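Student: I would like to go through the labels attached to this model one at a time, and to hear in each case what the label rests on.
Tutor: Then let us look at the structure together and set each value against its cut-off.

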Amino acid sequence: MNGILFDIGYGHFLVLSAVLFLIGVAGVLIRRNALIMLMSVEIMLNAANIALLAFARMWADEAALGAHTFALIVIGVAAAEAAVGLAIVAWNVWQRLSPK
């Protein structure tokens with residue numbers, strides 16, 4: 001039983017990354033809501049981070065630290081994107097509730 005949990009290779013992470021990226025692409029192409037599209041782009045960014053970190057661990061050299069740093073920068077960009085999404089939601093609520 002313990003062998004099943006610890007036999008996760010690099011291919012598993014890359015397949016997970018590809019599936020998440022495809023879900024994000026489908027969300028961007030199918031949905032027309034701006035907030036859903038932003039969430040789909042965030043899923044795509046997370047998929048790219050997973051692939052980047054899987055490759056960095058696979059090669060495990062001095063460039064791995066640069067990959068981890070780049071992944072943290074991408075996480076920061078995703079957080080800024082979430083703030084933009086929250087601003088869009090707040091603006092929509094303000095437009096609906098403000099007197100005409």
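Student: Why is Trp-59 called exposed?
Tutor: In this predicted model, Trp-59 has a relative accessibility of 60%, and exposed means over 50%, so the label follows directly from the value.

Student: Why does Phe-55 count as partly exposed?
Tutor: The relative accessible area of Phe-55 is 32%, and because buried means under 20% and exposed over 50%, the value of Phe-55 falls in between and the residue, which is found in helix α3, counts as partly exposed.

Student: How many aromatic pairs does the structure hold?
Tutor: There is 1 aromatic pair in the structure, and it is formed by Phe-55 and Trp-59, whose rings are 5.5 Å apart centre to centre with 20° between the planes.

Student: Why are Phe-55 and Trp-59 separated by about one helical turn?
Tutor: Because the two residues are 4 residues apart in helix α3, about one helical turn separates them.

Student: Which residues make the nonpolar surface patch?
Tutor: Tyr-10, Phe-55, Met-58 and Trp-59 make a nonpolar surface patch of about 410 Å², and α3 contributes the largest share of that patch, with 3 residues.

Student: Is Ala-54 buried or exposed, and how do you know?
Tutor: Ala-54, found in helix α3, has a relative accessible area of 6%, and since buried means under 20%, Ala-54 is therefore buried.

Student: Which residues is Ala-54 in contact with, leaving aside its neighbours within four places in sequence?
Tutor: With those neighbours set aside, Ala-54 is in contact with Tyr-10, Phe-13 and Leu-14, where contact means heavy atoms within 4.5 Å.

Student: What makes Ser-40 a buried residue?
Tutor: Ser-40 lies in helix α3, and its relative accessible area is 6%; with buried meaning under 20%, the conclusion is that Ser-40 is buried. Not counting residues up to four places away in sequence, Ser-40 touches Gly-24, Gly-27 and Val-28.

Student: Why does Val-15 count as exposed?
Tutor: Val-15, whose place is in helix α2, has 52% relative accessibility, and because exposed means over 50%, Val-15 counts as exposed.

Student: What does Glu-42 touch, not counting residues up to four places away in sequence?
Tutor: Glu-42, which is placed in helix α3, touches Ala-78, Glu-81 and Ala-82.

Student: Where is confidence in the chain lowest, and where is it highest?
Tutor: Confidence is lowest in helix α1, at a mean of 65, and highest in helix α2, at 94, while the mean pLDDT of the chain is 86 and 94% of its residues reach 70 or more.

Definitions and conventions. Residues numbered from 1 in each chain as written. Predicted model: local features only at pLDDT ≥ 70, side-chain atom pairs only at ≥ 80, totals over all residues. Heavy atoms only, no water. pLDDT = per-residue confidence, 0-100. Buried < 20%, exposed > 50% of the residue type's maximum accessible area, 1.4 Å probe, protein only. Patch = residues over 30% accessible without salt bridge, like charges linked within 9 Å, V, L, I, M, F, W, Y side chains within 5 Å. Areas by Shrake-Rupley, 256 points an atom, 1.4 Å probe, with all protein chains shown as cover. Salt bridge = Lys/Arg side-chain N within 4 Å of Asp/Glu carboxyl O. Phe/Tyr/Trp six-rings, centres within 6.5 Å; stacked < 30°, edge-to-face > 60°.
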